[in-house]
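Thank you all for coming to this short talk. Please look at the sequence and the model on the screen, and keep both in view while I go through them.

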Amino acid sequence: MAGHRVLALLAGLAAAIAAIALVRAALPATAAGASYVRPPPPPPVGVFLRGGAPQHDASIEDALAGELPRLVFAGAQLAGRGALPDAERHARVAALRTHAGFRTHGDALAGAWSALLDSLDRWLVLTTADDAWERACRDLRARADALTDQFAAAELGYYLEPSLALDHPRRRAGLFTYRIDNVAFVRAGDRPVRVLDARRLDKLDPGVALLGITAEELDDPVVLLDTVEAKVQAQVLPVLAGHPFPVSDDAWMFSARGRAAARAAGVAIRRELIAALYTDAESAERAAVRCRQLVAASVRHHEAQHRLDQDRGLVHPAVLAKRLGDRPGGAFGLRVRFELSAYLSQLASDVWLPQLTLWNLVRHGLRRGAGRREEALVAVFVVEGLARKLGIPAAGDVLRNGEIDRDRLGDLATALAERTTVEVRSAAAALWREHYGAPLVRLTD
């Protein structure tokens, strides 16, 4: 009888365990180890709905510009060589929790900040070799996005860019912080696309000098004002003053073709600048302000096109399959596909400075050892395509055996410099339609 009672007890226990398993299987994954899923963002309010300058908080900015990036950077520097000591890591995370700004804007923002720090604490002890690395990256990325959502809900101008598991060769992994100076809207027909004008807060690692960012994790494209201002100061204003445009970074710049290209670029860009600035060209200060506005607006168009393309998808242009041999799903071919669309849209949509946009792109192709960088190849496809649309003869393929013939690229670009703003914009729109099989909807501010 005792044996039967034991068997009955075991059978009942097994049935209970099975029932618990069925219940767990039917419930959402919320147990330890399950991935956190970013909740739907709150509805946009204030400037995030209408546009304009958001609010800022000195205490929050102190945390995002100082201790948080220092902690992330220290962990990244030690990755693979031993993590931060537990006591130091816990103390630094605890210190970040005490920043009062996050508690003065409501429980939702304070909770999102605390959850981000918990996730960061777990991420900092891992390396790419750990089994938990990818899950920790997904969790930290989602927590960063949720915190950015709560900033917007409180009408605060901050966001975090979680670039944690990248395949891009020129960007390091990290958690980058930004201050939003302005919320703008670009229109594609009847559709508004929200774009953020921002400045990098963490200064420990400047990284690649990007003019804009459109990441899958972020709802909004971003224009980086610091980089725009540096570009205007170093490249645009000298052209306005009569200097040639710097088209390369080595001795090719001083070859006969290089000098001709730099002079032609300078003349074409200066022609557009004078028309765009009008009386502002008479004042160095007003000219600088207006140039920054024009370049930022053009970059907004580029980044907004990226967002539109991500939302609807793009066909794989035949030119990429033919010239690169990349399949539609390849990561490199995908980046080229999206950059080709964005640059052509930017050229076609830029009322004032398409020659500046064109020569900014051409510089990528004329750099020493450009190789298979996506912007360099896009420069080749755009210049060759525009020349063909405008009836400019080519001496041969610019891209041969995977290498860019800089002389041929420079010659075609020099010929394009003589064309009018309307010709360049129209040819870009026609080329976009040829590659993507539909009319381009030009972007407006």
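Predicted model: local features only at pLDDT ≥ 70, side-chain atom pairs only at ≥ 80, totals over all residues.

I would like to start with two phenylalanines, because Phe102 and Phe151 are both buried, where buried means under 20% relative accessible area, exposed means over 50%, and partly exposed is in between, with a 1.4 Å probe and protein chains only. Residues are numbered from 1 along each chain as its sequence is written, and side-chain values use heavy atoms, with hydrogens and water left out.

Now to the aromatic rings. A pair of such rings is described by the distance of the centres and the angle of the planes. Rings of Phe, Tyr and Trp (for Trp, its six-membered ring) count as a pair if their centres lie within 6.5 Å, and the pair is called stacked if the planes are under 30 degrees apart, edge-to-face if they are over 60, and tilted for the rest. How many aromatic pairs does the structure hold? There are six aromatic pairs, and one of them is formed by Phe102 and Phe151, which is tilted, with 6.3 Å from centre to centre and 45 degrees between the planes. This pair links distant parts of the chain, since Phe102 sits in the loop between helix H4 (86–97) and helix H5 (107–123), whereas Phe151 belongs to helix H6 (residues 133–153), 49 residues apart. For the names, helices (H or I, at least four residues) and strands (E, at least two) are DSSP runs, numbered from the N terminus.

Tyr159 and Tyr178 form an aromatic pair that is stacked, at 4.8 Å centre to centre and with 5 degrees between the planes. Tyr159 lies in strand E1 (residues 158–163) and Tyr178 in strand E2 (residues 174–188), so this pair ties together parts that are 19 residues apart in sequence. Tyr159 counts as buried because its relative accessible area is 1%, and Tyr178 is likewise buried, at 2%. An aromatic cluster is made up of Phe102, Trp113, Phe151 and Tyr158.

Let me turn to the nonpolar interior. A nonpolar core is a set of buried Ala, Val, Leu, Ile, Met, Phe, Trp, Tyr and Cys residues joined through side-chain atoms within 4.5 Å. The largest such core has 81 residues, and those with the most contacts inside it are Val247, Leu340, Trp359, Phe381, Val382 and Leu386. Which helix gives the most to this core? Helix H13 (residues 374–389) does, with ten residues. Apart from this core lies another, of 32 residues, which includes Leu71, Leu120, Trp133 and Cys137.

Cys137 is buried because its relative accessible area is 1%, and Cys291 is buried too, at 0%. A disulfide is a pair of cysteine sulfur atoms within 2.5 Å, and by this rule the count comes to zero.

Next, two residues whose backbone angle deserves a look. Glu155, in the loop between H6 and E1, has a phi near 60 degrees, which is a positive value in a residue other than glycine, and Glu155 is partly exposed, at 26% relative accessibility. Tyr278 lies in the loop between helix H8 (256–277) and helix H9 (284–312), and its phi is near 55 degrees, again a positive value in a residue other than glycine. Is Tyr278 buried or exposed? With a relative accessible area of 65%, Tyr278 is exposed.

Finally, two places where residues separated in sequence are brought into view together. Ser345, in helix H11 (residues 331–349), is buried because its relative accessibility is 0%. Ser345 and Ala428 are 83 residues apart in sequence and 7.2 Å apart in space, C-alpha to C-alpha. Contact means heavy atoms within 4.5 Å, and Ser345 touches Gln305, Trp432, Leu440 and Leu443, not counting residues up to four places away in sequence. Asp407, found in helix H14 (residues 406–416), is partly exposed, with a relative accessible area of 29%. Asp407 and Ser255 are 152 residues apart in sequence and 9.6 Å apart in space, C-alpha to C-alpha.
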